[in-house]
Amino acid sequence: MAQHSDPSGAPGTHPAPAPGSSAPAAPTPPGSGPAAPPQVLALAEERLDHRFKGLPPDADGLTVREFAEQRRELFSGGFTTPVLALSAEALEHNLAALEGYTERHGLAFAPHGKTSMAPQLFAQQLARGAWGITLANPHQVRVARAFGVSTVFLANELVDRAALHWLSGELAADPQFRLVCFVDSVRGVRLMDEALREAGGSRPVEVVVELGAGAGARTGARTPQECAAVADAVAATRTLRLVGVAGYEGEVPTATPETVREWLRRLTALARRFDAEGRFAGLREIVVSAGGSAWFDAVAEVFGDAHELPELSAPVLRLLRSGAYVSHDVGHYRELTPFNRVPDEGGLRSAFVLWAQVVSRPEPGQAFLNAGKRDAAHDLRLPRAEFVRSGAGGEVRPADGVEIVKLSDQHAWVELTGAGRDLEVGDWVGLGMSHPCTIFDRWQLIPLVAADGTVTDCVRTFF
């Protein structure tokens, strides 16, 4: 049987205001504020066409701005199914939640942009005080640069010769552009140095030594001695500058609050050791960075401990890099969010609902929806039926007795029990999903929907 969450903020689940009444103003469309770069504002002039699934066919030729001004209703405005809806209210709530959390704990924030790859959301995050945007590979950095992002934390090693040539030219062309990236091996440092010397750039690339999360974990040097060897290799170049240490606590094997804190203390001890050895001499700030979306409370605790991370020979930039918070989810991250452990600090709301239609009822206990692997995130767990919308009045009810049991490329297999057997061909089923990163990447243009079902804007992604 399906489980459901509180639908507050879920796009399209609230009735429209009664005639003559006033509805609350919708949140500011993402990336439309006065601080948004012109490249982001220009997205509103992109024209709609067949590239963007789920949008009304009769909207072809309209710009995104013209379409948004029509304030169409998600269920009656000509949208085709499946269609992904992003809740305007939940998005606003989540952006504010991490802005407030990082401010309270004295953390700088570089939200991980690989989650959404949406320049409009980057602009909102930066307007809310983010230090920069975290990214994972050269393509993502190029997207961010194309939309005016001036500060990037590349949470990965970079040894690609062509990408390093591009980066060298980008740094030389724009004195305001700053990029910090991981290094974790002597060979990687040598490859970077060779490529950057070939490129002939005038500005060194800033790097942080990545401390691995333990044996069997992902990237990162495993021991303090290996980290020191990497730092020595950086010091021997003119093309790189060591500015700090970093890592990702989400890869700690069999992570628990205790093991995550222990690894974070290893990271802060490495920062203290490097500083005592004079490796950060001459810096204006020292970068110490960690933090995904599952353990930012532990990061705040350890980074905020003056014994673990005191002010060093230069001010310390305590940098958090969470990304999945921006849309949250109804599965994996709902269970892992630190707000479960520190509920007094706030909370996050799932911002996505994938609306699909029942297209077949071949057997009494079986139905098929017209959304599958091409539309729905499924890498961590299957989508979950949250809502059903049916009837002439478009009533929305909980999806009791409706369970997604399998996905094909373009179909969801649905098992029906109890009240779920009332599901009919043509009904709309709202699906909650797990893992924000793989929700965003299946949709190039996502309607931003107010709680009353009004589409107020669209969010463009670049994967």
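User: Where does V459 sit?
Analyst: V459 is in strand β18, residues 455-460. Strands (E, at least two residues) and helices (H or I, at least four) are DSSP runs, numbered from the N terminus.

User: What should I know about the numbering and the model?
Analyst: This is a predicted model, so local features need pLDDT of at least 70 and side-chain atom pairs count only at pLDDT 80 or more, while totals for chains, interfaces and linings use all residues. Residues are numbered from 1 along each chain as its sequence is written, and side-chain values use heavy atoms, with hydrogens and water left out.

User: Back to V459: buried or exposed?
Analyst: V459 is buried, at 0% relative accessible area. Buried is under 20%, exposed over 50%, and partly exposed in between, with a 1.4 Å probe and protein chains only.

User: What does V459 touch?
Analyst: Leaving out residues up to four places away in sequence, V459 touches P30, L86, A118, Q120, L121, Q444, L445 and I446. Contact means heavy atoms within 4.5 Å. P30 is 429 residues from V459 along the chain, and their C-alpha atoms are separated by 7.4 Å.

User: Which strands does β1 pair with?
Analyst: β1 (residues 83-87) is antiparallel to β10 (residues 352-363), over 4 bridges. β1 is also joined to β17 (residues 445-449) by 2 bridges, running parallel. Two strands pair if DSSP finds at least two bridges between them.

User: And the partners, residue by residue?
Analyst: V83 is bridged to W355 in β10, and L86 to F352 in that strand. On β17, L448 stands opposite L86.

User: What else is joined to β10?
Analyst: β16 (residues 428-432) is antiparallel to β10, with 4 bridges; there W355 has G430 as its bridge partner. β11 (residues 366-369) is antiparallel to β10 too, over 3 bridges, and a hairpin of 2 residues joins them. E363 has Q366 as its bridge partner in β11.

User: Changing topic. In what order do the strands of the 8-strand sheet run?
Analyst: The order is β2-β9-β8-β7-β6-β5-β4-β3, in an open sheet with parallel pairing. The edge strands, each pairing on one side only, are β2 (108-109) and β3 (133-135).

User: How many bridges between β3 and β4? And between β4 and β5?
Analyst: β3 pairs with β4 (residues 151-157) over 3 bridges, including T134 with F153. β4 and β5 have 5 bridges, and L154 stands opposite C181 of β5.

User: How many residues of β5 are buried?
Analyst: 6 of the 6 residues of β5 (178-183) are buried, so the strand is largely enclosed by the rest of the structure. R178, V180 and F182 point one way, and L179, C181 and V183 the other.

User: What does F153 touch?
Analyst: Among the residues that F153 touches, beyond four places in sequence, are W131, I133, L135, V180, F182 and V208. F153 is also one of the residues with the most contacts inside the largest nonpolar core, which has 129 residues. Such a core is a set of buried Ala, Val, Leu, Ile, Met, Phe, Trp, Tyr and Cys residues joined through side-chain atoms within 4.5 Å. Another core lies apart from that one, with 20 residues, W355 among them.

User: Helices next. At what angle do α6 and α7 cross?
Analyst: The axes of α6 (residues 161-173) and α7 (residues 186-199) cross at roughly 50 degrees and come within 9 Å. Axes are lines fitted to C-alpha atoms, for helices over the stretch in contact, and angles run from 0 to 180 degrees between N-to-C directions. The two helices are therefore oblique to each other; angles under 35 degrees count as roughly parallel, over 145 as roughly antiparallel, 65 to 115 as roughly perpendicular and the rest as oblique.

User: Which residues of α6 and α7 make the contact?
Analyst: R161, L164, H165 and S168 of α6 and L191, M192, A195, L196, E198 and A199 of α7.
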